[in-house]
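Let's take a walk through this model together. Have a look at the fold below, and then we'll go through a few spots.

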Amino acid sequence: MPKVKTNSSAKKRFKVTGTGKIMHQKSFKRHILTKKSKKRKRNMRMDGTVADSHLHFVKRLLRLK
């Protein structure tokens, strides 16, 4: 039987918390930041959680299911 491999791109992009939630970095924080408000940029610093609709797919990529 071959080994089951974790998706390499997914393991770089997602992090599993102790409670089992899957976190990701927020998007739109790389460039063209001058037109975005301070509040918007500050909220993008915090990690977001993966939505319930995508959770089954992300778990499959990370081999958690």
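A polar contact here is a pair of N or O atoms within 3.5 Å; within protein, one must be able to donate a hydrogen and the other to accept it, and residues adjacent in sequence count only if both atoms are side-chain atoms. This is a predicted model, where local features need pLDDT of at least 70, side-chain atom pairs count only at pLDDT 80 or more, and totals for chains, interfaces and linings use all residues. Residues are numbered from 1 along each chain as its sequence is written, and side-chain values use heavy atoms, leaving out hydrogens and water.

Start with Lys-36, in the loop between strand S2 (22-24) and helix H2 (38-45); helices (H or I, at least four residues) and strands (E, at least two) are DSSP runs, numbered from the N terminus. A polar atom of the Lys-36 side chain sits 2.9 Å from the backbone oxygen of Phe-28. Lys-36 also touches other residues, including His-31 and Met-44, with contact meaning heavy atoms within 4.5 Å.

Phe-28 belongs to that loop between S2 and H2 as well. Its phi is positive, about 70 degrees, even though Phe-28 isn't a glycine. Phe-28 counts as exposed because its relative accessible area is 62%; the cut-offs are under 20% for buried, over 50% for exposed and partly exposed in between (1.4 Å probe, protein chains only).

Ile-32 is another non-glycine with a positive phi, about 55 degrees, and lies in the loop between S2 and H2. At 47% relative accessibility, Ile-32 is partly exposed.

How values were computed: Lists of a residue's contacts leave out its neighbours within four places in sequence.
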